[in-house]
Amino acid sequence: MVTRISNRDARRLWLFNQGLAESPTGPANPRTTITQLGFVQLDSIQVLSRAHHHILWSRNQNYREPMLDKLLGQDRAVFEHFTHDASVLPIETYPYWRAQFERRKARMDAKGWFKTALTKVDLGEIKDRIANEGALSTEAFDTKIDGPKEMWSRPPHKQALDYMWYAGELATCHRRNFKKFYNLPERVIPDDIRAAHVPHAEQIDWLCQQAVARLGFATTGDIKRFWEAVDTAEVKNWVTASNLIEVEVETAKRQWLPMLAPPDIAQRIDATPAPTSRLRILNPFDPVIRDRDRLSRLFGMDYRIEIFVPAAQRIWGYYVYPLLEGDRFVGRLEAKADRKKGTLTVTRLWAEKGVKWTDARAEKLDAELDRMGRFIGTRDIHWSCTKQPEPAPIS
């Protein structure tokens, strides 16, 4: 008989695995948080706080932004590479990540993404400069963009640096004001970690196992998308040889979807606590938000980020924050910070369909805004809109 997982249990387990079940208090340990999540996405946009800092703060509100810089640039406790986007990963993951270096290099070569740029620069000369001068950013090179300057245009040297970074031939040494500095891997990755050899098949096995452990229940597509470091065929072969069992998971729309889960899934659910009732402002790149299909299936929330949508065509806004209360998304918030002036301004607030905006809920949001203000140094909270939320727009 197929095990069935109710929607409430599915949400509870997913939020617990993603570090959003417990109250975000106590001493901050971002290294432990990154290990629990598997990785944390990096993003340059700073509206309140950059995505990576915000994600870590959501799980422990004693976290402060310099802590991650120290983990990467001084402690060498994490390294930076590409999952579905630029991310930081626990340093212990590095030996299992060589398959991703090979995969990314093969894809770049096959698609010729950097082919033109690589004819204009000498990779050996770039690496020699880094070997002789130490960590360098793109500003240390003077090649220019050929032709019209478009959104994703990069000068040849930047493309060459990225090519070697994707292939694992260079590593991020540190970041300064989010600017990446490249160095040789032997100067960044600890010797014992870099010397560890894990056969390719074991890398794939580890990546799939770790994805399932964090997902709790998944389709083969969920497993692939978790790291974006394993091909579909590799995931399917792994699933066939695994001990995963078939389960059915109830969606927010009361449908039952076939998925896969570890054999002890029932015991895991029984051991999972109910999430805290605290209201949280989550980042659009939070791992609970990032997989839009999973978000919609489990919570009934259809979300997209509209930073690349022309202003007149946006349904919501430029950078809109989902509001999580317990195991339910109750609203969305648009806000911006002026760190120099020490102000955080709320510009729009929406309640999700079917959510009653009570005084208690409003007080929880005020408390979270105060905590966010303390985190980013904006003690003054201003509202340029009414505190009574708008209804969710029809998309």
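The model is predicted, so local features need pLDDT of at least 70 and side-chain atom pairs count only at pLDDT 80 or more, while totals for chains, interfaces and linings use all residues. Residues are numbered from 1 along each chain as its sequence is written, and side-chain values use heavy atoms, with hydrogens and water left out.

**Domains**
- The chain is split into domain 1 (112-189) and domain 2 (279-385); these bounds come from an automatic or database domain assignment.
- Taken over C-alpha atoms, the centres of domain 1 and domain 2 are 36 Å apart.

**The sheet**
- Helices (H or I, at least four residues) and strands (E, at least two) are DSSP runs, numbered from the N terminus.
- Here, 3 strands make an open sheet in the order 1-7-8, with mixed pairing; two strands pair if DSSP finds at least two bridges between them.
- Strand 1 (3-5) and strand 8 sit at the edges, each pairing on one side only.
- From one strand to the next, the twist averages 35°.
- Strand 7 (residues 245-250) and strand 8 (residues 256-261) run antiparallel and are joined by 6 bridges.
- Across that pair, I245 stands opposite A261 in strand 8, and E246 stands opposite L260 in strand 8.
- Strand 7 and strand 8 form a hairpin with 5 residues between them, and R254 in the turn has a positive phi of about 65°.

**Helix 3 with helix 17**
- Helix 3 (residues 51-59) packs on helix 17 (residues 359-376) at an angle of about 125°, their axes 12 Å apart; axes are lines fitted to C-alpha atoms, for helices over the stretch in contact, and angles run from 0 to 180 degrees between N-to-C directions.
- Helix 3 and helix 17 are therefore oblique to each other (under 35 degrees is roughly parallel, over 145 roughly antiparallel, 65 to 115 roughly perpendicular, and the rest oblique).
- On the helix 3 side, H53, H54 and W57 meet E368, R371, M372 and F375 in helix 17 (contact means heavy atoms within 4.5 Å).

**Helix 12 with helix 13**
- Helix 12 (residues 220-227) and helix 13 (residues 232-241) pack at about 125°, with axes 9 Å apart.
- That makes helix 12 oblique to helix 13.
- T220, I223 and K224 of helix 12 make the contact with T232, V235, W238 and V239 of helix 13.
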